[in-house]
Amino acid sequence: SYYWSEIMKILVLNGSPKKKSDTMVLTNAFLRGIKKNGSHEISVMNISEMKISPCRGCFGCWQVKNKHCVIDDDQNRILDLYPEVDLIIWSFPLYCFGMPSHIKAVLDRTIPLNQMKMEIVDGRTRHLPMVDFSKIHTVVISGCGFPNYEHNFEGLSRQCDLCFGNLTKIFVPETPLLNIPEAKPVTEPKVLAFENAGEEYAKNFSLSPETIENLQSLMISKEDYIKNIE
């Protein structure tokens with residue numbers, strides 16, 4: 001393995017609607033680990049504080065072909081940055097087994113970075129890209145309030161597989177514990193694990209299966225977690 005020798009450009013899309021975000025506790029730890037090997041350019045966008053309307057499905061962007069959405073709001077700031085970065089981190093809590101609606105709107109409105117024209121690649125039909133997505137790496141960090149991975153993240157996981165390339169997925173149960181001071185004995189090791197994972201990721205844009213399994217493991221037993229929920 002090797003450390004990324006250049007300054008990495010990183011875009012963080014924070015999809016939590018809360019200022020005290022459980023998921024961003026983990027994302028910030030991951031960023032601290034990444035920064036251990038250099039001073040990278042990191043742009044954090046708090047989506048809930050931005051004006052990003054839902055996609056209208058008008059396909060006006062495919063008529064203009066300028067990589068911008070015809071809706072004049074903050075989404076175009078994201079579209080300007082999107083093709084220029086090395087890594088995009090999507091950070092958000094799990095809502096109804098998927099993305100919260102405000103950050104899903106961001107994903108929906110990346111359509112201007114593609115063309116209407118289609119091609120078949122490896123048996124799959126897709127729109128021709130207007131930018132080089134192959135150089136963009138993606139990390140998805142999502143937390144949920146359930147005490148188990150199974151039966152919660154499967155839908156989101158499949159969506160991420162279809163939407164993103166060069167993908168690393170980290171899905172974490174029991175994340176409300178991260179903002180409970182009394183839970184520090186079990187949350188601090190999790191935060192440290194994310195920091196170490198960020199350092200690992202900076203070496204070659206990937207994490208080992210063992211690291212991902214550790215990041216996604218429970219902090220306390222399912223029974224203890226359920227017992228303390230009121």
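Which residues in helix α4 (residues 101-108) are buried?

## Helix α4

In this predicted model, the buried residues of α4 include Ile 103, Ala 105, Val 106 and Leu 107.

## Lys 190, a buried charge

Now to helix α6 (residues 184-204), which is where you'll find Lys 190. Lys 190 is buried, yet no salt bridge goes with it. Glu 174 is the nearest side chain of opposite charge, and that is 7.2 Å away.

What Lys 190 does have is a backbone oxygen to look at: the one from Asn 214 lies 3.1 Å from a polar atom of the Lys 190 side chain. Setting aside neighbours within four places in sequence, Lys 190 is in contact with Leu 26, Asn 214, Leu 215, Gln 216, Ser 217 and Met 219.

Met 219 sits in the loop between α7 (209-215) and α8 (222-227). Its relative accessible area is 12%, so Met 219 counts as buried, the cut-off being under 20%.

Apart from residues up to four places away in sequence, Met 219 touches Pro 173, Glu 174, Thr 175, Leu 177, Val 186, Thr 187 and Lys 190. Glu 195 is 24 residues from Met 219 along the chain, and their C-alpha atoms are separated by 16 Å.

## The cavity

There is one cavity of 30 Å³ or more in the structure, and the largest cavity holds about 110 Å³ of space. It is lined by 13 residues, of which Cys 55, Cys 58, Phe 59, Cys 61 and Cys 69 are the closest to its centre.

Conventions:
Residues numbered from 1 in each chain as written. Predicted model: local features only at pLDDT ≥ 70, side-chain atom pairs only at ≥ 80, totals over all residues. Heavy atoms only, no water. Helix = DSSP H or I, 4+ residues; strand = E, 2+ residues; numbered from the N terminus. Buried < 20%, exposed > 50% of the residue type's maximum accessible area, 1.4 Å probe, protein only. Lys, Arg positive; Asp, Glu negative; His and termini not counted. Salt bridge = Lys/Arg side-chain N within 4 Å of Asp/Glu carboxyl O. Polar contact = N/O pair within 3.5 Å; in protein donor to acceptor, adjacent residues only side chain to side chain. Contact = heavy atoms within 4.5 Å. 1 Å grid on protein atoms, 1.4 Å probe; cavity = no way out; pocket = protein on both sides within 12 Å on 5 of 7 lines; lining within 4 Å. Points joined across faces, edges and corners; volume = space filled by probe spheres on them.
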